[in-house]
Amino acid sequence: MCYLLLNIMKILKHNLTHDNYYQNTDYVSNSMLNNLTGKSPEYFRFMMNNPQPATPAMKFGSAFHMNVLQPQEFNKNYAISPKFDKRTKQGKIDYAEFVKSNMLKTVISEQDYHLIEQMTDKLMRDSDAKTLISRGTKERIIVWNNEEYDINCKGMLDVYREDSGIIVDLKTTQDSSYNGFASSVRKFRYYKQAAFYLDAVGAQEFYIVAIEKNPPFSINIIQIGDELLDKGRELYNRDLEVYKYCTDNDYWPGEGFDYLDKDSERTIHIMNDDIL
């Protein structure tokens, strides 16, 4: 089956903001679909009904993205916590005042902020990376309807250059080398995300700017090629097919069941010596 589906996407008006984007479940995102087939429909529904708090790594990534892509918004949304000696009376008073003054902000440590600033500075000194992430609309939220499955989808584009049909995604990584980051592309199926976003807006090129989180903060720039994009289209369409079936049939199976057949029986997997 061919999945060149640019003609069956319809961009929708929406009221999503950066404050409610992740909590909203009226639209399906690529990361939500990862829970569906990367884990199981049972896990997908559990996560939908039981939103999990952001992990320290997720908080760090969000702060880094805002510092790079929306620096004018950073101080409105983040507070850098100094070190308080809460063993002393004054330390306790200072800490309580800091918490009170920053109740509506996400608090990050001075150590994390220093790291974010170093990484941001490294990006801005790399001419190729700076060119890719400095032009276009930043952190753009899009909502569209996939008409083949009649499913409303959502996405947040780090950088979207509509005039040239380019999407740029900023990612932190432990290893930005070609082989090292290729492993991340496979593990996290970034090519599915790329195809999902490109098809939504009718863009043609998807670049990833990958930067390591440890000194010297090495940077690599990767373009997702056509063969991987085709594979990504197959994957996200399979996800949508499974989501449509599970929703229509209120069928949310766990591991071992056929996700497209509610009358299926569990498949028992036997571990063999050849996987050791």
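Is glycine 232 buried or exposed, going by its relative accessibility? At 0% relative accessibility, glycine 232 counts as buried, where buried means under 20% relative accessible area, exposed over 50% and partly exposed in between, with a 1.4 Å probe and protein chains only.

A word on the model before going on. This is a predicted model, in which local features need pLDDT of at least 70 and side-chain atom pairs count only at pLDDT 80 or more, while totals for chains, interfaces and linings use all residues. Residues are numbered from 1 along each chain as its sequence is written, and side-chain values use heavy atoms, with hydrogens and water left out.

**The chain as a whole**

There are ten helices and eight strands in the chain; helices (H or I, at least four residues) and strands (E, at least two) are DSSP runs, numbered from the N terminus. Of its 276 residues, 42% count as buried. Along the principal axes, the C-alpha atoms fill a box of roughly 65 × 50 × 45 Å. Take the contacts (heavy atoms within 4.5 Å) between residues at least 6 apart in sequence: 66% of them join residues at least 24 apart.

**The sheet**

Six strands make an open sheet with mixed pairing, in the order E1-E4-E5-E6-E7-E8. Two strands pair if DSSP finds at least two bridges between them. E1 and strand E8 (219–223) sit at the edges with a single partner strand each, so one side of each is left without a neighbour in the sheet. From one strand to the next, the twist averages 40°; angles run from 0 to 180 degrees between N-to-C directions, and axes are lines fitted to C-alpha atoms, for helices over the stretch in contact.

| Strands | Sense | Bridges |
|---|---|---|
| E1 (residues 9–11) and E4 | antiparallel | three bridges |
| E4 and E5 (residues 151–161) | antiparallel | nine bridges |
| E6 (residues 166–173) and E7 (residues 205–212) | parallel | eight bridges |

Lysine 10 stands opposite asparagine 145 in E4, and lysine 138 faces valine 159 in E5. Over in E7, valine 209 is the bridge partner of leucine 170.

Strand E4 (residues 137–146) has seven of its ten residues buried, so it is largely enclosed by the rest of the structure. The hairpin of E4 and E5 has four residues between the strands, and there aspartate 150 takes a positive phi near 55°.

**Helix H10 and glycine 232**

Back to that glycine: glycine 232 lies in helix H10. Leaving out residues up to four places away in sequence, glycine 232 touches Tyr191, Lys192 and Ala195.

**Two packed helices**

Two packed helices are described by the angle between their axes and the distance between the axes. For helix H3 (residues 56–69) and helix H6 (residues 110–124), the angle is about 45° and the axes are 10 Å apart. H3 and H6 are therefore oblique to each other; angles under 35 degrees count as roughly parallel, over 145 as roughly antiparallel, 65 to 115 as roughly perpendicular and the rest as oblique. On the H3 side, the contact is made by Phe60, Ala63, Phe64, Asn67 and Val68, while the residues from H6 include Leu115, Ile116 and Met119.
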